[in-house]
Structure formats: structure tokens, C-alpha cells
Amino acid sequence: MIHAKPKPIQQPDWQAELRAASIETGSLLAALGLPADLAAADNTGFPLRVPAAFIARMRHGDPDDPLLRQVLPLAAEHDVVPGFCADPVGDLAAAAAPGLLQKYRGRALAVTTGACAVHCRFCFRREFPYGAQAEANPERIAATLAGMDNVEELILSGGDPLTLSDRRLADLTKAADGIRKLRRLRLHTRVPVVLPSRITAALCELFAGSRLDVVVVIHANHPAEFDAGVDTALGRLRAAGVTLLNQSVLLRGINDDVDTLATLSDRLFAAGVLPYYLHMLDRTAGTAHFEVAEPRAVELHQALAARLPGYLVPRLVREVPGGDCKQSLERATGQP
């Protein structure tokens, strides 16, 4: 008897897209009609990685495109600048267990993976020792949180937690559901913006089935990052009962003007996302060329507050190692 060969298991489309992400600066620049010498030789140990869905939103022939500027390695990354270091936010000092950090009362953060769908050149964990800090697993999370007081929220971070498979995310969610002291599960992710196909029906069912309040904090820095695919992905999350917030990083030459920031807030709200934080740059080695000076940041934030209703104005903050909360840089404006 001749047995039929089993059909090969097909990868979900998002995983195929992730595997096909661009990792060559030459091919990326060629696709955009730009010269190969625009990028620096990448010997920083932090290679290029950008999905096709994100590349498709970049302007052809524009070396200053704000999406391209976020992902393209430049020679400035090799500059040694005082005050810029490998661990600017004190992650390593906050380790409660391998892969589990606690900086603030009531919250614990699990470093679930070192993988990201996109490598943002300003990333504050670009030099994080993922190998030495073993990634958090469900058993370790449950055991460690059991011994912590006043922890009501578990944050899944990375890398990017949404690069994990549904099975691994289900294991993490089930573990969190079983920790009775927890009330909220929060995920920090760039994936709905750079790889919207990841937001599948199965993923949304997973979140909808949790007993916890699920919060997804996306990361968008510029209104050009949004298109119909991103809107659809965010709509699926909202339909699953997920609360959507956004955090941005203030980046020189990318979003450091009030028109861009105001348009971003409007675009976020149209997609069902509330602006949450506008972060000062975390001073990671190799990122100094992105920094916006604090007086300019405060000036921009005041102008934004004067233009928009309060619910569309993100909080301007800086993370200070060892602090008990993020440091607010806002100034009173008298605006409603």
C-alpha cells in the first residue's frame, strides 16, 4: 500500500514575513533607489533587520525618510560620547531573577525573548546581555512573583514578546492567569506597527480569553508608520477587549517638531490608540545622534499641549536608573 505523504505544515504568514525581513543594507537601499554608501558598514554587533511591510511605507529616493532613519545603520553609531553606555536605564541592577526585572512598585517585567521584528537603531536594549540574562519562562515567573509583595501587573517585554509563537505566548498568559495577585497583563511591542500580519484571530482569542485586563503598548514614532494594515491589526486587538496605548521616543531629525507630533497623536487616536509616553532618548552607546536636548523637548511638549486636547498629549518623561518612577519633564501650561 502506498501511503500519501503528509502535507508539510505551513508557517503562518507572519512568521514567513519575519524570516524574510531585510538584513542587508545594500538591498534595502537599492529597493528605495538610494546609494549603497548611505549606510555605514555594520560592525556594531546590532545588524539591520526590517520587515517588508515597514519598508513599503518608506518614501522612494528619500535618504531622510523618517522610517528609514529609524532603522538604517550610520557611521555616527561608532562615535564614543560621554554619558552614553550599554545599560542606560539600569536594567541589570533591577534583576529579581534571570529574565525578570522589577524597577517600580506593583509591576514586574519579564524579558521574554531577545528577538525583535525590527532593529531600531536607538534601541535602549541593543547591548542587553540576553545570553547571560536567561529569558523568563512561565515556571520561573510564577515562582519569583510568588515571593514578591504588591505585584499586580506583569509586563511582557524583550526583544519583542509578539515575536514568540502562539504556543509560547499561551504558556506565558496561562501562567500569568494562575497568579492570583495579578490584575493586569501588559505587553510592550513594535509588532502591530512593523508586522501587522502577526495580529491574527488566534492571538486575539488568546488575549480575549485571559481573566486579566490586557494592555498592549505599541511603539510608533511618526504618523507615516500607519497604513490600512496597521489600522486593521489595531482594530482586531480593540475588538478583543485590549486597551491600546502608544509610547514614542523623541528623535532628532525624525519627530522633533510639533507638527509631526500633533499629527502622530491624531493618527493614533483615529486608530483607537491613546498617546501615553513621549520618551527622552535612553542614552545607549551608539545613539547620541538621535538625542534632542531637554530644553527643546520641553518647548515641543508645551507647544503640543497648546495645540491638542489633554487626552492627546503624551507625558514627556525620562527614565532614570534607580528611580521609583519615570521622571516627568512636563511644565504647567494651563491648557485643558
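Phenylalanine 269 is partly exposed, at 44% relative accessible area (buried means under 20%, exposed over 50%, partly exposed in between, with a 1.4 Å probe and protein chains only). The residue sits in helix 10, residues 258–270. This is a predicted model, where local features need pLDDT of at least 70, side-chain atom pairs count only at pLDDT 80 or more, and totals for chains, interfaces and linings use all residues. Numbering runs from 1 along each chain as its sequence is written, and side-chain values use heavy atoms, with hydrogens and water left out.

**Surface patch**
- Phe269, Leu274 and Tyr311 make a nonpolar surface patch of about 310 Å².
- Patch residues have over 30% relative accessible area and no salt bridge; like charges are joined within 9 Å, and nonpolar side chains (Val, Leu, Ile, Met, Phe, Trp, Tyr) within 5 Å.

**Largest pocket**
- The largest pocket holds about 1,100 Å³ of space.
- Its lining has 50 residues, and Phe124, Arg125, Ser157, His188 and Gln247 are the closest to the centre.
- The lining divides into 25 nonpolar, 13 polar and 12 charged residues.
- On a 1 Å grid over the protein atoms alone, a pocket is an open set of points with protein on both sides within 12 Å along at least five of seven lines; a cavity is a set where a 1.4 Å probe fits but cannot get out; lining residues have an atom within 4 Å of a point.

**Largest cavity**
- The largest cavity has a volume of about 60 Å³.
- Helix 10 gives the most to its lining, with four residues.
- The lining has seven nonpolar residues, three polar and no charged.
- Ala, Val, Leu, Ile, Met, Phe, Trp, Tyr, Cys and Pro count as nonpolar, Asp, Glu, Lys and Arg as charged, and the others, Gly among them, as polar.

**Salt bridges**
- The whole structure has 19 salt bridges (a side-chain nitrogen of Lys or Arg within 4 Å of a carboxyl oxygen of Asp or Glu).
- Glutamate 225 pairs with arginine 190, with the closest N and O atoms 2.6 Å apart.
- Both glutamate 225 and arginine 190 are buried.
- Aspartate 231 and arginine 267 meet in a salt bridge at 2.7 Å, N to O.
- Aspartate 231 lies in helix 9 and arginine 267 in helix 10, so the pair ties together parts 36 residues apart in sequence.
- Arginine 59 and aspartate 65 form a salt bridge at 4.0 Å, N to O.
- Arginine 59 is partly exposed at 42%, whereas aspartate 65 is buried at 1%.
- A network of salt bridges links Asp91, Lys103, Arg125 and Glu319.

Terms used. Accessible areas come from the Shrake-Rupley method with a 1.4 Å probe; for residues, only the protein chains shown count as cover. Helices (H or I, at least four residues) and strands (E, at least two) are DSSP runs, numbered from the N terminus. Grid points are joined across faces, edges and corners, and a volume is the space filled by probe spheres set on the points.
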